[in-house]
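Here's a quick tour of a structure, meant to be read with the model open beside you.

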Amino acid sequence: MSARSALPVLSVLAAVAVLAGCTSTAAGGNKSSGPDLVSAGKLTTCTHLPYAPFQVKKGGAIVGFDVDLVDLVAKDMGVRQEIVNTPFEGIETGQDFTIRKCDLAAAGMTITPARKKVMDFSDPYFNATQALLTKKGRPVKKVEDLKGKKLGYQKATTGGIYAKAHGKGVELVEFEDLGLLLTAVKSGQVDAGINDNGVLFDYVKKNPDTAVTAEFNTGEHYGIGVRTGNDVLRKRIDAVLKKAKSDGRYDRIYKKWFGTTPQTTGRS
Amino acid sequence: MPLSKRRRTRVIRGVQYGVLVVAVVALALVADWHQLRTAFFDVEVAKALFPDIITTALVNTVLYTLLGFGFGLALGLVLALMRLSSVPPYRWIAITYIEFFRGVPALLVFIALGFGVPLAFQVALDMNVTVMLSLGLVGAAYMAETIRAGIQAVPKGQTEAARSLGMSQGRATVSIVIPQAFRIVLPPLTNELILLTKDSSLVYLLGLSLNQFELANFGRDALNEHKSLTPVLIAGLCYLVITLPLGQLVRRLEARTARAR
């Protein structure tokens, strides 16, 4: 997925300003067994809500595809998962790891070279493509069809990067949140919106006056991010993912959230 | 040996200063300056922000603020007069409006106008119009109360004198009372302008194209691009470029008002 962005980053700023000096003392955790966790007995996950069906609030709890996968990791480590909702910018820039806000980031986040510089990624766990959302009945097959029209994207997302690269002559409009972007398409403020296929298909299901008219295979994979150098945790995640894919638990979780089984092609 | 009262005061004051200095030094020593410098003061990143941060972001921030302030001031004056009207329904409308828009977050007003209006009427308002209305509607609620206080602060004798010269009530209000009221409320109105300058960052909710970015959005976009907090700091400093002179203006106006008395 891309990335989504986020709400004000001020909280991150404040936290960085306060904690930058004492990161070395902020570490807690059980050094004796397994990975060093920021909070003992808990696997703390950073995410940015909402990003259905990957993470979404439902009945007082946060559920979703990512949540179920990380639960497998937590179970393997004998701890429980605790989810922190935080601006996507803080996740994507690696700041949340710097200030030890969480152990891992599962936020429907595409593995990109820029992000690899500020964090380490698990093996890919989901194949994402970018897709276009429009009001029903608009024949928009590619970004170039929107010349002279408005294309909305979400700040700090790979969809935004794709739109900037292919959107010559298209008026690009940046939105802070996925919800605002989708509403802008629905209310006709922009002619189309670009984002990851998973979330757009989820939206179209509930909003039949909109349609996904195109998908672009951008070769994106979602990965779970960990603090740079935290190989103990990263390898643990990879081992759990690998096992879940071979014993069918991954497919069951996939079917639960996407309604289909994953295509075998391209997924590692 | 007992200290004299004067000496004791000086010792106590000295201790207070000492504690302050120790606290500041301790904070400075504990902070990881290298981390802070790489995160907030990356010169290369800072250079890349110019000139767009001035020519686009700063200019747009000023534009949005002035649009909102202009509309808000006009509406605020009308509301203040309605609030002071002898016709009850006018007063009720004004009070309801002021209580409502002073009470709801500006964020909700932006969302209601930016997304509610297009969904309800299938018309997309121009971005600048939406900003002007959203900021103005909120600003007007505060400014109406300020202006009302200013009008009430003009001595009654001014109206009576104008009336005795043969002016109508309306004429006396427009020509005699309102000009004096505005002189009184200039400092608080400037405060409102500063508040609106910062509230203008809420336009990010409406969705912005590149040439519509204002300072806060510009800073955060560059934060994502450069993976550095430096742009946010620079954008923050740019707000000071706008607000510090305004604050200075308020102080000068206050001093002038004080001298005039």
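Start with Pro53(A), which sits in the loop joining β1 and β2 of chain A. Keep in mind as you look that this is a predicted model. The peptide bond leading from Ala52(A) into Pro53(A) is cis, with omega near 0°. Pro50(A) is also in the loop between β1 (42–47) and β2 (56–58) of chain A, and the bond from Leu49(A) to Pro50(A) is cis too, with omega near -10°. If you're clicking through the backbone, have a look at both prolines.

Another backbone spot to check is Arg100(A). Its phi is positive, about 55°, even though the residue isn't a glycine. You'll find Arg100(A) in the loop between α5 (95–98) and β5 (104–105) of chain A.

What does Arg100(A) form a salt bridge with? The partner is Asp36(A), and the closest N and O atoms are 3.7 Å apart. This pair ties together distant parts of the chain, since Asp36(A) belongs to the loop between α2 (23–26) and β1 of chain A, 64 residues away from Arg100(A) in the loop between α5 and β5. Over all chains, a search of the whole structure turns up 22 salt bridges.

Now for where the two chains meet. On the chain B side, 28 residues are in contact with 30 residues of chain A. As a bit of background, interface size is often quoted as the accessible area lost when the parts come together. Here, chain A and chain B bury about 2500 Å² between them, and 62% of that is on carbon and sulfur atoms. The count of salt bridges between the two chains is two. Glu89(A) forms a salt bridge with Arg220(B), with 3.9 Å between the closest N and O atoms.

| Helix pair | Angle | Axis distance |
|---|---|---|
| α8 (residues 178–186) and α9 (residues 197–206) of chain A | roughly 50° | within 12 Å |
| α8 (residues 156–164) and α9 (residues 169–199) of chain B | about 140° | 9 Å |

Take the chain A pair to begin with. Given that crossing angle, α8(A) and α9(A) are therefore oblique to each other, and α8(A) passes α9(A) in a right-handed crossing. From α8(A), the contact uses Leu178(A), Leu182(A), Thr183(A) and Lys186(A), while α9(A) brings Val199(A), Leu200(A) and Tyr203(A). Sorted by class, the residues of this contact are five nonpolar, one polar and one charged.

Over in chain B, α8(B) and α9(B) are likewise oblique to each other. An angle has to be over 145 degrees to count as roughly antiparallel, and this pair packs at about 140°. The crossing of α8(B) past α9(B) is right-handed. Gln158(B), Thr159(B), Ala162(B) and Arg163(B) make the contact from α8(B), and they meet Gln169(B), Ala172(B), Ile176(B), Val177(B) and Gln180(B) of α9(B). By class, that contact has four nonpolar, four polar and one charged residues.

Key: Residues numbered from 1 in each chain as written. Chains lettered and ligands numbered in written order. Predicted model: local features only at pLDDT ≥ 70, side-chain atom pairs only at ≥ 80, totals over all residues. Heavy atoms only, no water. Axes fitted to C-alpha atoms, helices over the stretch in contact; angles between N-to-C directions. Helix = DSSP H or I, 4+ residues; strand = E, 2+ residues; numbered from the N terminus. Parallel < 35°, antiparallel > 145°, perpendicular 65-115°, else oblique. Left-handed = near helix turned anticlockwise from the far one by under 90°. Contact = heavy atoms within 4.5 Å. Nonpolar A, V, L, I, M, F, W, Y, C, P; charged D, E, K, R; others polar. Buried area = accessible area lost by both parts, 1.4 Å probe. Salt bridge = Lys/Arg side-chain N within 4 Å of Asp/Glu carboxyl O.
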